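Dear colleague,

Please find the structure below, followed by a short account of what was found in it.

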Amino acid sequence: MRNRIKSLLFVLLLMVALVYVFMHFWERQGLVISVVLATGFFVWIYFFSEKKILSLLNAEPLGGQDPWHLSESGKKWAKASKIPSPKILIAPCATPFSMSLGKS
């Protein structure tokens with residue numbers, strides 16, 4: 001299956017589960033709350049997509065020397081997992097952190 005279809009199915013199943021659980025516990029008010037929450041999730045996903053998050057982090061592509069061999073490791077694991085090779089970006093931050101974005 002393509003990644004877009006998988007993502008769409010995941011979001012739809014999440015929405016159905018959310019509506020079911022909220023209706024089970026809070027009946028009609030739960031339905032309203034779950035629809036509002038699901039709409040909020042969709043709006044959040046749409047407006048804060050990958051590009052928006054990366055721009056908020058001021059992330060830049062890894063360039064120059066790679067003393068930790070991140071590019072090689074990423075390509076090796078992507079090949080073993082049969083997914084596209086990841087883009088490695090560096091965000092200026094005082095504390096170390098790692099995150100993964102995208103559908104693959």
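How many of the 104 residues of the protein chain count as buried? The share is 10%, where buried means under 20% relative accessible area, exposed over 50% and partly exposed in between (1.4 Å probe, protein chains only).

This is a predicted model, in which local features need pLDDT of at least 70, side-chain atom pairs count only at pLDDT 80 or more, and totals for chains, interfaces and linings use all residues. Residues are numbered from 1 along each chain as its sequence is written, and side-chain values use heavy atoms, with hydrogens and water left out.

The protein chain averages a pLDDT (the predictor's confidence in each residue, from 0 to 100) of 83, and 93% of the residues score at least 70. Confidence is lowest in helix α2 (residues 50-57), with a mean of 76, and highest in α3, with 90.

Three helices and two strands make up the elements of the protein chain; helices (H or I, at least four residues) and strands (E, at least two) are DSSP runs, numbered from the N terminus. Their order from the N terminus is α-α-β-α-β. The radius of gyration, taken over C-alpha atoms, is 19 Å, well over the 13 Å that the globule rule (2.2 Å times the number of residues to the power 0.38) gives for 104 residues, so the protein chain is more spread out than a compact globule. Its C-alpha atoms fill a box of roughly 60 × 35 × 20 Å along the principal axes.

M15 lies in helix α1 (residues 3-47) and counts as partly exposed because its relative accessibility is 31%.

Yours sincerely
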